[in-house]
Structures are given as C-alpha cells and as structure tokens.
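I opened this file to look up a handful of items and note what turned up. The entries follow in the order in which I took them.

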Amino acid sequence: MAFAGANFGVVLKALAGAIPPGRPALVQGTRVVSWGEFDTLTDRIAAGLQARGLKPGDIAGQMLRNTPDYMLAYFGCVKAGVVPVNVNYHYRQRELSDIFTRFGLKALFTESEFAEAARAAMPEGALTVEVGADAWAALCDTPLPADYAIHTDAQALFLTATGGTTGMPKAVMWPMDQAWAAFSIGVWQQGPGQPPFVAASLDEQVARAAAIGPDHPASTSPLLLLSPLMHGAGQFSAVIHLLKGGTLALLPAPKFDADLALDEAARLGARGMFIVGDAFAVPLADRLDARGDGAAVLASLRSITSSGAVFSPALKQRLIAHAPQLMIVDALGSSESSGTGIVITTAQGSSGGGRFQPLPGRETKLFDENLAEIPPGEGGVGIVARTGPLPLGYLGEDEKNAQTFPVIGGKRWLMTGDRARWSADGTLEFIGRDNMCINTGGEKVFPEEVEAALLAHPQVKDVRVVSQPDPRFGRKVVAVVQSEGERAALIESLDAHARSALAGYKIPRLYILTDRPLRLNNGKPDYKTAQGIADGAA
C-alpha cells in the first residue's frame with residue numbers, strides 16, 4: 001500500500017537525519033547548501049517567522065529569482081506552518097497590490113531589485129524580507145527556542161499561483177498529502193522492464209533517498225533546473241526532487257542562458273535537466289548545433305523533462321541527435337493537475353506514437369461542453385478531465401471552482417482546460433488550451449496545433465497564432481512569424497507547408513513576418529505582443 005504522504009517539513013527533517021549531512025541539497029555556481037545546512041537554515045527561518053508573529057495558515061509570498069534562497073524561504077515557511085505562494089517578479093505595483101490583497105499575504109520574501117514595488121504593494125503591517133539584506137541574515141540566524149517544533153499537519157496547504165493567462169492569477173490550494181500522491185513523490189522509477197518502487201511509509205521514502213546518493217547508478221542528481229521557480233512547473237519539479245533527497249542545481253545567472261546551461265551541465269555532471277517546452281529547447285538546440293560539442297557537454301545527462309508548454313517533436317529529435325542516450329519526458333500538466341499525460345521520446349522513437357498516454361493511478365476522461373463523456377473510440381475533441389488526488393480549488397473563487405472542479409457521476413473531476421481527442425490506441429492527441437481557442441465560421445481552431453505545424457518549417461524561429469475580425473467568419477486565423485533566413489517567397493512556402501499538415505479551416509489567412517521576440521521574459525508565449533502586431537497590420 002502506498003504511503004499517503006506527510007507534511008513536507010517533516011519529510012525534509014527526516015531526510016536530513018538519514019542523508020549524509022555533507023551531501024549537496026542546493027547548488028548554484030560556487031554556492032553549495034548541504035543537506036545538513038538545508039535542515040538547519042530552514043529551522044531557523046521557521047523559528048524567525050514564528051518570532052515575528054507569523055502563525056500557521058498565514059500566507060507568505062516568494063517573489064524571488066532562481067536561487068537557493070527561494071527553496072530556503074519555501075521550506076522555512078512550511079516548517080512554520082506558514083503557507084508559501086509563488087509571486088511573479090515581473091508584476092508591477094498595481095498587479096502586486098491586487099494579488100497581495102486577494103491572496104491575503106502576511107509576509108513576502110523578495111530581492112533588492114523588486115523590493116520597492118513590493119513594499120509599496122504589501123498590506124499595512126505585513127512583513128517584507130529582502131533576501132540578501134540584514135533582515136534575511138537575521139532570520140537565517142534565529143536561535144531556536146526551547147519549545148521549537150516544526151508544523152506536522154499532512155493536510156497543511158501550499159499555494160501555487162497560476163500564470164494569469166486569462167486574467168490575474170489565481171491561487172491553487174494544494175494540501176500536502178494530496179500533492180504527495182498527485183506529484184508521485186513516493187514513486188521511484190527503476191530499470192527498464194521493472195515496475196516502479198512505491199514507498200509504503202515515510203521510513204521507506206527516507207531509506208530510499210539516503211541509499212541513492214549522487215554516485216548511485218539510479219541517481220537523477222544533480223537536476224539542473226532551468227525554468228523559473230516562480231512558476232508551478234519549475235516549483236513542482238524542485239519540490240519533488242528535494243523530497244526524494246536529490247541535489248537541485250540552479251544557473252548562476254539572473255536569466256536563462258543556453259550556453260551557460262550547457263557549460264553547467266558539463267561542470268556539474270548533471271543527470272537531469274528540467275525545461276518548459278520550446279522556449280528553452282529552441283535556444284538549447286540552436287547553441288548545440290552552433291557549438292558542436294553536444295556529445296561532450298551532455299555526456300552525463302540521462303533525461304530532459306518538460307512540462308507546462310508545447311514541446312515540438314522536431315526539437316526533441318534535434319536534442320537527441322547530440323546525445324543519443326537521452327530520454328525526453330514531455331508531461332501534459334498544469335498548476336491545478338500536476339500531470340494528466342506523458343510522452344517519452346528516445347532515439348528509438350516516442351511512446352504512444354508521440355501522443356500523450358494518460359498517467360496511471362488516476363481516471364482520465366474527455367468531456368464535451370455539456371459534460372457528457374466522449375469515450376475512447378469515438379471522434380470529437382473534448383476537455384481533458386481527471387479524478388484522483390486533487391487540490392481543494394482556487395483560493396476565494398467559488399464560481400470558478402464550480403466550473404473547474406464539477407461533480408460528475410458522483411465523482412469530483414478537474415476540467416484541465418486542455419483539449420484533446422482519443423486515438424485508436426487509447427492515447428490522447430493534444431489539440432490546445434481551451435482558453436486560447438479561435439472561433440472562425442463556427443469551427444474551433446487551437447493556436448497550439450497550428451503553431452506546432454508551422455514550427456516544423458525550417459525557417460520558422462517562433463510563431464504565435466492569433467486572430468483578426470472578419471466580416472464573413474467572425475474571426476480569421478493569423479500567424480505572426482519570427483523567421484530566419486531569406487524571406488523571399490517565405491509566405492508562399494509557409495502556406496504550402498501549413499496546407500500539407502492542417503485542415504483547410506485551420507490554415508492562417510494572413511501571415512505576418514516580424515523580427516520581434518514572441519515570448520515573455522519567462523519563456524512563455526507572448527500572445528499579447530503577437531495580437532498587437534496583428535492589430536497593427538489590420
């Protein structure tokens with residue numbers, strides 16, 4: 001029987017008691033935080049928060065870049081019973097004021113670059129801690145009182161702020177025991193053909209973690225995390241890896257740099273790498289192609305995992321061409337679901353023919369707009385939904401909760417917002433996100449599907465698919481293309497390429513070439529800029 005999970009702070013302390021104390025937990029450049037230091041520092045931070053009046057259930061934000069301090073603040077909160085939540089450091093004062101008020105923040109960890117806007121937006125009387133400044137140093141040096149004890153409630157919450165794709169972000173409420181199962185924290189993959197090891201108790205989880213050190217053949221450490229911790233995909237990956245006793249490595253730079261990532265993978269002997277789809281895969285593949293040293297720099301790497309964005313099949317193949325030993329794991333997931341499907345790609349091919357296989361241990365279905373099931377074997381595009389371990393919902397969003405977590409047939413379901421259709425073999429063919437759908441002449445077009453087709457064109461560096469008003473069809477499909485190379489006759493070539501891969505109603509009726517980046521600073525698709533370019537060309 002699988003272990004039902006425990007409070008993350010309890011797990012961290014148990015791991016630190018069994019893992020050799022000098023084993024690295026967090027690495028960034030020359031900075032190394034050992035497992036012994038990880039436990040000690042997070043105890044002190046927890047005691048410091050309690051001494052400053054924070055109580056179990058109070059909410060504290062992490063408005064931080066990728067540094068060890070992010071995870072120290074996170075687990076310090078957890079040990080104190082304080083609820084951590086990620087805060088996007090790109091937000092300005094107006095946006096921060098809105099989410100700080102809606103989330104009810106009582107404390108915030110931030111950096112000097114963001115401190116002024118953060119303090120101006122924080123509610124009166126709330127605690128703001130600038131990491132790297134005196135207040136942070138004092139917090140990390142708090143003496144433990146005689147009655148100090150960490151919070152032990154397995155149902156204590158952490159919050160995950162969504163990306164705010166369709167408005168201001170919402171906070172997903174995850175109980176730790178539900179996250180333990182949903183994130184498969186207690187599941188350990190074994191050799192080919194072997195079933196996974198599933199920890200039946202905290203003792204088994206800890207013993208497994210202690211035994212699989214950095215030099216163990218089954219180790220996945222160090223894991224080089226390239227995606228932002230301020231987003232759910234990166235944060236989930238970091239927490240999972242640490243709760244397995246792993247070593248988490250972060251780039252020693254404020255922003256993603258593909259060359260630096262490759263150099264760090266080689267320096268650290270990284271065994272795993274975590275990215276978010278094409279935003280990271282494109283520059284990595286480009287630099288590998290240009291450098292020509294892929295076999296050397298990726299020699300230690302066994303896997304690249306991606307979640308939270310489209311990961312084009314052609315890019316997977318480009319990466320594998322440099323390191324044929326790679327296994328690429330492409331997960332379909334979100335802040336609300338953690339994961340619903342997976343595609344594994346190696347030099348030998350892709351599982352499910354490149355389509356997503358529903359994850360085991362949870363029931364996955366497709367529903368239409370009327371919440372009627374579309375069973376396997378029937379055609380039609382539906383919303384991917386799953387049962388199993390789920391979050392409680394969104395903080396303070398009753399109407400949205402009723403829509404996203406409906407009860408169907410006596411079971412509570414998560415409507416993920418991903419659109420897909422069943423393939424004959426029971427896999428899921430991902431079509432796109434429901435909130436990005438374009439209605440043109442009564443037909444539904446999902447930008448991700450069209451973008452994936454156009455990205456396979458050799459001259460397309462990036463592309464966003466948006467729409468313009470159309471007197472006949474209501475909206476028409478528009479492709480805003482960031483291209484490479486000679487542009488003469490490119491539009492004709494793009495159109496021919498699209499027509500070879502897509503149904504007629506999905507073909508863009510207008511192609512706009514641009515030199516402007518079509519991604520945000522965090523690597524996610526920038527549909528707002530693309531729509532502005534399209535509107536300007538109307």
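Entry 1: I am working from a predicted model. I noted about 70 Å³ of space in the largest cavity. I then listed the lining: Asn86, Val87, Asn88, Tyr91, Ile99, Ala161, Thr162, Gly163, Pro169, Met230 and His231. Sorted by class, this lining has 6 nonpolar and 5 polar residues, and no charged ones.

**Entry 2: nonpolar cores.** I asked which residues of the largest nonpolar core touch the most other members. They are Phe8, Phe38, Met71, Phe109 and Trp136, in a core of 102 residues. Helix 3 (residues 68–80) supplies the largest share of this core, with 9 residues. Another core, of 22 residues, lies apart from it, and I recorded Val87, Tyr91, Ile99 and Met230 among its members. I had already met Val87, Tyr91, Ile99 and Met230 in the lining of the largest cavity. As background, nonpolar side chains tend to be buried together in soluble globular proteins.

**Entry 3: Trp136.** I looked up the contacts of Trp136, leaving aside its neighbours within four places in sequence. Its list reads Ile45, Asp69, Leu72, Ala73, Phe109, Val129, Glu130 and Val131. Of these, Phe109 is also one of the residues that touch the most other members of the largest nonpolar core.

**Entry 4: strand 8.** Is strand 8 (residues 171–175) largely enclosed or open? I found 5 of its 5 residues buried, so strand 8 is largely enclosed by the rest of the structure. In a regular strand, side chains alternate between the two faces of the sheet. I therefore checked each side of strand 8 for burial, the cut-off being under 20% relative accessible area. Ala171, Met173 and Pro175 lie on one side, Val172 and Trp174 on the other, and all are buried, which leaves both faces of the strand covered.

I next traced the partners of strand 8. Strand 7 (residues 157–161) pairs with strand 8 in the antiparallel sense, over 5 bridges. Pro175 of strand 8 is the bridge partner of Leu157. Strand 21 (residues 393–394) also runs antiparallel to strand 8, joined to it by 2 bridges. There I noted Val172 opposite Tyr394 of strand 21.

**Entry 5: Thr404.** From Tyr394 I moved to Thr404, which touches Tyr394, Trp413, Leu414 and Met415 when residues up to four places away in sequence are not counted. I placed Thr404 in helix 14 (residues 398–404). Thr404 counts as buried because its relative accessibility is 6%.

**Entry 6: backbone exceptions.** Most residues other than glycine have a negative phi, and most peptide bonds are trans.

- The peptide bond from Ser221 to Pro222 is cis, with omega near -5°. Pro222 sits in the loop between helix 8 (202–211) and strand 11 (223–225).
- Ser338 is not a glycine, yet has a positive phi of about 70°. I located Ser338 in the loop between strand 15 (327–332) and strand 16 (341–346). With a relative accessible area of 16%, Ser338 is buried.
- Leu371 also has a positive phi, near 65°. I located Leu371 in the loop between strand 19 (364–367) and strand 20 (382–386). Its relative accessible area is 36%, so Leu371 is partly exposed.

Notes:
Residues are numbered from 1 along each chain as its sequence is written. This is a predicted model: local features need pLDDT of at least 70, side-chain atom pairs count only at pLDDT 80 or more; totals for chains, interfaces and linings use all residues. Side-chain values use heavy atoms; hydrogens and water are left out. On a 1 Å grid over the protein atoms alone, a cavity is a set of points where a 1.4 Å probe fits but cannot get out, and a pocket is an open set with protein on both sides within 12 Å along at least five of seven lines; lining residues have an atom within 4 Å of a point. Grid points are joined across faces, edges and corners, and a volume is the space filled by probe spheres set on the points. Ala, Val, Leu, Ile, Met, Phe, Trp, Tyr, Cys and Pro count as nonpolar, Asp, Glu, Lys and Arg as charged, and the others, Gly among them, as polar. Buried means under 20% relative accessible area, exposed over 50%, partly exposed in between (1.4 Å probe, protein chains only). Helices (H or I, at least four residues) and strands (E, at least two) are DSSP runs, numbered from the N terminus. Two strands pair if DSSP finds at least two bridges between them. Contact means heavy atoms within 4.5 Å. A nonpolar core is a set of buried Ala, Val, Leu, Ile, Met, Phe, Trp, Tyr and Cys residues joined through side-chain atoms within 4.5 Å.
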